[in-house]
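Trainee: I've just opened this one and could use a guided look. Can we go through it bit by bit?

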Amino acid sequence: MNGRTLGANIDGATVCNDEVIASRERPLGPEGGVSVLRGNLAPDGAVIKHTAAERRLLQHAGPAIVFKNYDDMDARIDDPALPVTPESVLVLQDAGPLGGPGMPEWGMLPIPKKILAQGVRDMVRISDARMSGTSYGTCVLHVAPESFVGGPLALVRDGDVIELDVPARRLTLRVTDDEMARRRAEWKPREPRYPRGFGRMYAKHVTQADRGCDFDFLEGTEPIADPEIH
């Protein structure tokens, strides 16, 4: 105790290291850290934590490398024959609420080893999965509707050019409407992965990412009467 107020004691003290916690005068970025993207690849939206991305990739267009599911990605991501370049856009399908199932934290797709060997540490990566808040990179997540239910992400093919424009909040697949209609006509829905039990109930009632990945029967604000207790 020195007889001074707390405010007087801390007046002029260094509050924090501004390389760790940015000040208002020197913010990490001019806007919030998360953006919602829309476009023909994500009609119901997608999410990117753009403050974790390399600035050069916030406006980027490149050819897609498509992985049908996590096992496909795991098997091929480090294959020396994978036709991937630093400009490629990595796409993971079947990782959403139903495709995962459960929308697992697969959104931070690994950089292929042969690309890492070139000194590249970030690439555009797109999926209907999610990722941890401590992950980083130019990762577009929560694409809705997801690929498992026939969202446009399911129709992406190797070599398709995908354009990411974070300032414009756009995610665009550069494929004509006619070609997309042709691919959609060829797409075939699949049966839910679980024929009974909780998995079946989950598949029947879980909502898409833009609606919170919640059970639809939990929605609403109608009052529910307390049960009688005997």
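Trainee: Which residue in strand 6 is the bridge partner of arginine 125?

Mentor: Keep in mind that this is a predicted model, where local features need pLDDT of at least 70 and side-chain atom pairs count only at pLDDT 80 or more, while totals for chains, interfaces and linings use all residues. Residues are numbered from 1 along each chain as its sequence is written, and side-chain values use heavy atoms, with hydrogens and water left out. Strand 5 and strand 6 (residues 139–141) run parallel and are joined by 2 bridges; strands here are DSSP runs of E, at least two residues, numbered from the N terminus, and helices are runs of H or I, at least four. Two strands pair if DSSP finds at least two bridges between them, and the partner of arginine 125 in strand 6 is cysteine 139.

Trainee: Are the side chains of strand 5 buried or exposed?

Mentor: In a regular strand, side chains alternate between the two faces of the sheet. In strand 5 (residues 124–127), Val124 and Ile126 point one way, and Arg125 and Ser127 the other. With buried meaning under 20% relative accessible area, exposed over 50% and partly exposed in between (1.4 Å probe, protein chains only), all of these residues are buried.

Trainee: Moving on, which residue takes a positive phi in the hairpin of strand 7 and strand 8?

Mentor: Those two strands run antiparallel, joined by 4 bridges, and the hairpin has 4 residues between the strands. Most residues other than glycine have a negative phi.

Trainee: What is omega for the peptide bond from alanine 144 to proline 145?

Mentor: Proline 145 is found in the loop between strand 6 and strand 7. Most peptide bonds are trans. The one from alanine 144 to proline 145 is cis, with omega near -5 degrees.

Trainee: Last one: how far is the backbone oxygen of arginine 211 from a polar atom of the side chain of threonine 207?

Mentor: Threonine 207 lies in the segment after helix 5 (197–205) and is buried, with a relative accessible area of 3%. The backbone oxygen of arginine 211 lies from a polar atom of the threonine 207 side chain at 3.4 Å.

Methods. A polar contact is a pair of N or O atoms within 3.5 Å; within protein, one must be able to donate a hydrogen and the other to accept it, and residues adjacent in sequence count only if both atoms are side-chain atoms.
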